Amino acid sequence: MASFPSTFPVMLMISTLMLGSLILSASASNLYQDFDITWGDGRAKILNSGELLTLSLDKTSGSGFQSKNEFLFGKIDMQLKLVPGNSAGTVTAYYLSSKGSTWDEIDFEFLGNLSGDPYIIHTNVFSQGKGNREQQFYLWFDPTADFHTYSILWNPQRIIFSVDGTPIREFKNLESIGVPFPKNQAMRIYSSLWNADDWATMGGLVKTDWTQAPFTASYRNFNANACVWSSGVSSCSSSSPSSVSTSNAWLSQELDSTSQDRLKWVQKNYMIYNYCTDTKRFPQGLPLECTKS
Ligand SMILES: *[C@@H]1O[C@H](CO)[C@@H](O)[C@H](O)[C@H]1NC(C)=O
């Protein structure tokens, strides 16, 4: 697994990235170019000349794909339309992950439900192989009726999870107080649809209804303003025509006051689990990052 030596100075790295940012391509999203189907024996498909990707799940198998590129920081958007109808027991995972035993990972997971009952959107951040940082939310819309944009902003200072441009979670770089932050290991994008009816819906009480199979989730409009990691070199480019003018502002982006208000709104009205308030789970004391924010 390629990674920066831990002593690699971030500022030097960023200036290298700025040079790399001159390479911009203005092509529309083509999912053939960006992703490989990795499993599912024909259950995952790229359709409409690369505009649409679908994953499906039946009793025999789920399916999945991964990005061709590895990234070290990025602002990564994807539109997803989740499994409609009775999706209880199904889980659609969409995440970034590095490799090895001390891996980093940034997770979105969508836990299906009975028709009309709310999906749970589950998030987690692993640094150096350690996670246990779950936050869960309901959404303010039906994620199966239409495509919605799920974004991960990952820069050296913070990780921000957003839905349709509304931030739902921020994980700050708190290395200054001893919390490891993902910043030395390049990550790939992964997604999969699988059966998890032993735990996903109402804690495993509601089982998958296989008469409804195959279950299908859809993906489109992938856009990455990201730094691609290849053979020890990181170069930032963008697949979005509109980002020519905004260049690599995302590399130092933070939440402005409007976004902070939106984040508070989500956390107040839609957050259903926060590891940072789960004192029963951490009798020895809450994780360090929870005491500061
Ligand atoms: C499913 O719906 C039930 C009832 O509204 C709710 O308690 C639960 O959080 C929902 N989501 C999941 C994934 O279980």
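How many helices and how many strands are there in the protein? After that, which residues are around the ligand?

Modeller: Please keep in mind that this is a predicted model, in which local features need pLDDT of at least 70 and side-chain atom pairs count only at pLDDT 80 or more, whereas totals for chains, interfaces and linings use all residues. Residues are numbered from 1 along each chain as its sequence is written, and side-chain values use heavy atoms, with hydrogens and water left out.

The protein has four helices and 16 strands (DSSP runs numbered from the N terminus, H or I of at least four residues for helices and E of at least two for strands). Of its 293 residues, 53% count as buried (under 20% relative accessible area, with exposed over 50% and partly exposed in between, using a 1.4 Å probe and protein chains only). Among the contacts in the protein with a separation of 6 or more, 67% are between residues 24 or more positions apart (a contact means heavy atoms within 4.5 Å).

Now to the ligand, which has Leu-111, Gly-112, Asn-113, Asp-117, Pro-118, Ile-120, Tyr-138, Ala-200, Thr-201 and Met-202 around it (each with a heavy atom within 4 Å). This shell is made up of six nonpolar residues, three polar ones and one charged one (Ala, Val, Leu, Ile, Met, Phe, Trp, Tyr, Cys and Pro count as nonpolar, Asp, Glu, Lys and Arg as charged, the others, Gly among them, as polar).

A polar side-chain atom of Tyr-138 lies 2.6 Å from an oxygen atom of the ligand, while a polar backbone atom of Pro-118 is 3.0 Å from one of the ligand's nitrogen atoms. Met-202 also takes part through its backbone, where a polar atom is 2.8 Å from an oxygen atom of the ligand. On its own the ligand has 360 Å² of accessible area, of which the protein covers 76% (Shrake-Rupley method, 1.4 Å probe; for residues, only the protein chains shown count as cover).

Leu-55 is found in strand 3, residues 52-57, and is buried, with a relative accessible area of 0%. Leaving out residues up to four places away in sequence, Leu-55 touches several others, including Arg-43, Phe-65, Ser-191, Leu-193, Phe-215 and Tyr-219. Of these, Ser-191 is 136 residues from Leu-55 in sequence, yet their C-alpha atoms are 8.8 Å apart in space. Ser-97, in strand 6 (residues 90-97), also counts as buried, at 8% relative accessibility, and its contacts beyond four places in sequence include Trp-103, Glu-105, Met-187 and Tyr-190.

Finally, the whole structure contains two disulfides (pairs of cysteine sulfur atoms within 2.5 Å). In the link between Cys-227 and Cys-236 the sulfur atoms are 2.2 Å apart, and with 85° about the S-S bond this link is right-handed. The sulfur atoms of Cys-276 and Cys-290 are 2.0 Å apart, and the torsion about their S-S bond is about -75°, so this disulfide is left-handed. Cys-227 and Cys-236 are both buried, and both Cys-276 and Cys-290 are buried as well.

Conventions. A polar contact is a pair of N or O atoms within 3.5 Å; within protein, one must be able to donate a hydrogen and the other to accept it, and residues adjacent in sequence count only if both atoms are side-chain atoms.
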